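User: I'd like a close look at one part of this protein: the aromatic packing inside it, and what surrounds it. Could you walk me through that in one go?

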Amino acid sequence: MFSFKKIYYNRLANSLTSKGLKFYENVEAFMFFVFLIGVLSFGRAFSIIHFNTRWAPVFITEIFLALSVPFIVFHGREFIKLRKRFLVPFLIFFSLGWVYFGGGLLKGNSFVLRDSILFIYMMFCPLMLMVLENRRRVTLFLCTLIIGNLVGLFMGRCLLLEMYTSGAVQFFISNTRTFNLGLYYGISIAFMIAFWDMLKSWISKSFVLLLISVNLYMIMMFAVRTVWVALMALFLCFFIILRKKMIRLVLCLIPAFIVVGAGLFYCDFSVIKSSLKVEKVLKKAESSVVFVNREINQRLKTVPEIPPVLKEDQQLEIGIANIVWRKKIWRQAIVFGMERPLLGMGFGVYPQYDIWGYQPPRGIGADSKVVPVHNHLITIFYKMGFVGLGLFLFINGYAFWYGVTYIKKCRDELIRRFLIGALGAFVYWHTMALAFDVIDSPPTSIFLWIIMGMIFAGISLDEKNRINSIG
């Protein structure tokens, strides 16, 4: 009798524990999707939400990761099952980041907290792998991506047209950045292209074409040249992977984009009623046929002195000035890193740039005045040396190669399209990161590891389905 009661209570306890863990997993997945919608919708404006402590501000991304640690620990076995050729370099790079972080803290350098994003956000890779544990979660992720994209497009149009419902809304939205939204639009386009041919009805196909066209229009109007280059790389990648399917999509997309783009362009001019805004828009249209990036204009207006190169040639375009600016910081960052080429200069240490408008970093908050390198590979090199850069390149190269080579093996069509979308987004992210501060900015840096987690999650799901079908 005693034995029967013991067995009963043990089973009851196991059942309650199992239900409790399942509930926690569902809550964690829900939190992740809500967090993702917030980032995709508002970018930097969402990521700078924080509360201040005695030592440093704690931002919402770090709060979310801290809450996710138990979930990652409980399901760590799923991550450990990944191929050792990826897992070992991944963990070495992660550990090396902790060494640099700890060393900086021991020296009392608070700026290491900013550089911690280079390794702390790697946790999004196993987190994504564990959240996308089944096909239903993959579908929820795609729905999340669409919702975030729709809200992000609305926010982008408010930012572009400078139309706000209130001062508080204006203050919030103005804290985002056009290149943030440009990254999210490109990631959304990647998945919409990947799934377009899979859709059955022309209603759903037309809706996706409409959404892609609006995203393309917004990217063109933001006039962030790096985003344009990343978009070309994305389309080239899909031409290689999808071939005829991509050609069919482009043939349908061109007339859709012409109609949607022309309609939105006309609407934007009719919405801007003030003569000042009309004059401003016309001036931009005459000079470059697109809106000049407001962030670049602001940066050049606030510098303490006119760049020497602009003094020599007053007709020099802002775009060329930015190229000159980037070349200078790239060269100086590389020279700075070559002082310790093997292991780098460590976290929390920055070059003293000889560029116009340079101001030394003044804090670790949202307005720190830290000048990013605008190239993720150079950033990794001067902070972590050739050792860190080699590990970083191997991790990313292996993830991409593993995903590309698995496409033909994938049996589940939903997962296959998901994998193709993730690979396209991966190419898009890396292309943008070559000429923008993508890896240094939390709302954009996280997507490297999120996308990497998508690749391994898709492959893991297909392999599980294959084993179950055989069994």
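This is a predicted model: local features need pLDDT of at least 70, side-chain atom pairs count only at pLDDT 80 or more; totals for chains, interfaces and linings use all residues.

Analyst: Let's settle one term before going in: a residue is called buried when its relative accessible area is under 20%, exposed when that area is over 50%, and partly exposed in between.

Now the wider setting. The protein chain has 471 residues, and 52% of them are buried. Its secondary structure comes to 21 helices and two strands. If you take the contacts with a separation of 6 or more, 79% are between residues 24 or more positions apart.

On to the nonpolar core. The largest one has 145 residues, and the members that touch the most others are Phe 124, Phe 191, Phe 447 and Trp 449. Helix 11 (residues 178-196) gives this core its largest share, 14 residues. Phe 191 is worth a stop: setting aside neighbours within four places in sequence, its contacts are Phe 141, Leu 142, Leu 145, Phe 418, Gly 421, Ala 422, Ala 425 and Met 454.

Here's the aromatic part itself. The count of aromatic pairs comes to 38. One of them joins Phe 93 and Phe 392: the ring centres are 6.0 Å apart and the planes sit at 40 degrees, so this pair is tilted. The two partners are 299 residues apart in the chain, with Phe 93 in helix 5 (residues 84-106) and Phe 392 in helix 19 (residues 376-406). Phe 93 has a relative accessible area of 0%, so it is buried; Phe 392, at 1%, is buried as well.

A second pair to click on is Phe 111 with Tyr 350. Their ring centres lie 5.9 Å apart with the planes at 85 degrees, so this one is edge-to-face.

You've met Trp 449 already, among the core residues that touch the most other members.

Helix 5 deserves a look of its own. It has 23 residues and spans 32 Å from first C-alpha to last, close to the 33 Å expected at 1.5 Å a residue. Its buried residues include Phe 86, Phe 90, Phe 93, Phe 94, Tyr 100 and Phe 101, and Gly 97 and Gly 104 are on that list too. Just after this helix, Gly 108 takes a positive phi of about 75 degrees.

Last, cysteines: the structure holds zero disulfides. Cys 158 has a relative accessible area of 11% and is buried, whereas Cys 252, at 25%, is partly exposed.

Notes. Residues are numbered from 1 along each chain as its sequence is written. Side-chain values use heavy atoms; hydrogens and water are left out. A nonpolar core is a set of buried Ala, Val, Leu, Ile, Met, Phe, Trp, Tyr and Cys residues joined through side-chain atoms within 4.5 Å. Buried means under 20% relative accessible area, exposed over 50%, partly exposed in between (1.4 Å probe, protein chains only). Helices (H or I, at least four residues) and strands (E, at least two) are DSSP runs, numbered from the N terminus. Contact means heavy atoms within 4.5 Å. Rings of Phe, Tyr and Trp (its six-membered ring) pair if their centres lie within 6.5 Å; planes under 30 degrees apart count as stacked, over 60 as edge-to-face and the rest as tilted. A disulfide is a pair of cysteine sulfur atoms within 2.5 Å. The expected span of a helix is 1.5 Å times one less than its number of residues.
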